[in-house]
Amino acid sequence: MNKKLVVVLLALCVVISAAYSRPAPKSASRPVAESKRWVALLTQSGTNVPTAVVLENTLSGNVVFYRGGAGVYGLDLDGEFTENKTWVMIGQPIDTDVNNGTPDLIVRWRVLSPNEIQVLTSRQEDFDNPLSLYNGRDGLLNNTPIEIRVYE
Amino acid sequence: MAALAAGQYTVATDGTHIATDGVKRYVALLTQTGTDAPVATVLTNTLSGPIVWTYNDVGSYTGTLTGAFTADKTLTCSGVTRTGRFWELSRETVNSVTLTAITAGGDPVELNATISAEIRVFP
């Protein structure tokens, strides 16, 4: 066989082999921003500080909890919660003991400082009187899901 | 670390993370005050372009991006503001999503807050 033909055939085999061994192209190819995440289930009872079942934690350390009063809880980690880069989602529980199971409990949050995210719990009736807008109640977190992301 | 789980992204030669799970994501902090349209601080956007936010009426705002929000494939979110206003982000058409805000009593109200919002469009 012609040496040139052998070389061409070998080269063709290499090219075909490389093409078929290459991973399939992915359907999305736009850049994704990086973030750190903390995913947990929060529970709080009585006048105790909340506890968490941590499902995922890629923050720089462990979140520390405190109770600042009825329905007011701090999730603390020094310097972690960058302004305008911190994204939080908290599940809204349904109280089956009152209002025939309609959503009656309210769980809110705010980034208080780069060191702290505050979680506030109350009942819907607490909002009927504007003067009691920030009245909080304990005992409303029961494996309540929370996700915190801090983007770069 | 990336916002996506292992296997859902790859790292490009320039160091950026590339989504490989086919899910398009829009993650933003949305701030709305008075009768203004929401202003987005975009944290991630792998949709086909930016979402344009407009004001409709009390507690009603629209996000528009042509052809972006596929029926039965678009996941949105909801929550409560720091001042106890309920909000919901929902798909309206293939071109738009609607952000609505109500009081605990069910009445429309201006959002007047910053919320964490996320939209995912699955392949």
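Good morning. I begin in chain B, where Asn112(B) lies in the loop between β10 (96–102) and β11. Please bear in mind throughout that the model before us is predicted.

The backbone of Asn112(B) deserves a moment of attention. Its phi angle is near 45°, a positive value in a residue that is not glycine. With a relative accessibility of 38%, Asn112(B) counts as partly exposed.

Where does Asp72(B) sit? It is found in the loop between β6 (60–64) and β7 of chain B. Asp72(B) counts as exposed, because its relative accessibility is 81%, and the cut-off for that class is over 50%.

Let us now turn to the sheet. In chain B, four strands form an open, antiparallel sheet, in the order β4-β3-β11-β7. Which strands stand at the edges? They are β4 (39–45) and β7 (74–75), each with a single partner strand, so one side of each has no neighbour in the sheet. The partner strand β11 covers residues 113–121, and two bridges join it to β7(B) in an antiparallel arrangement. Within this pairing, Leu75(B) has Arg120(B) in β11(B) as its bridge partner.

I move next to the aromatic rings. How many aromatic pairs does the structure hold? Over all chains there are two. One of them joins Trp38(A) and Phe65(A): the ring centres are 6.1 Å apart and the planes meet at 50°, so this pair is tilted. It links distant parts of the chain, since Trp38(A) belongs to strand β2 (residues 35–43) and Phe65(A) to strand β4 (residues 64–69), 27 residues apart. Both Trp38(A) and Phe65(A) are buried.

Tyr55(B) and Tyr61(B) also form a tilted pair, with 5.7 Å from centre to centre and 55° between the planes.

Finally, I consider chain A as a whole. Of its 152 residues, 38% are buried. The chain exposes about 8800 Å², of which carbon and sulfur atoms supply 56%. Thank you for your attention.

Technical notes. Residues numbered from 1 in each chain as written. Chains lettered and ligands numbered in written order. Predicted model: local features only at pLDDT ≥ 70, side-chain atom pairs only at ≥ 80, totals over all residues. Heavy atoms only, no water. Buried < 20%, exposed > 50% of the residue type's maximum accessible area, 1.4 Å probe, protein only. Areas by Shrake-Rupley, 256 points an atom, 1.4 Å probe, with all protein chains shown as cover. Pairing = 2+ DSSP bridges. Phe/Tyr/Trp six-rings, centres within 6.5 Å; stacked < 30°, edge-to-face > 60°.
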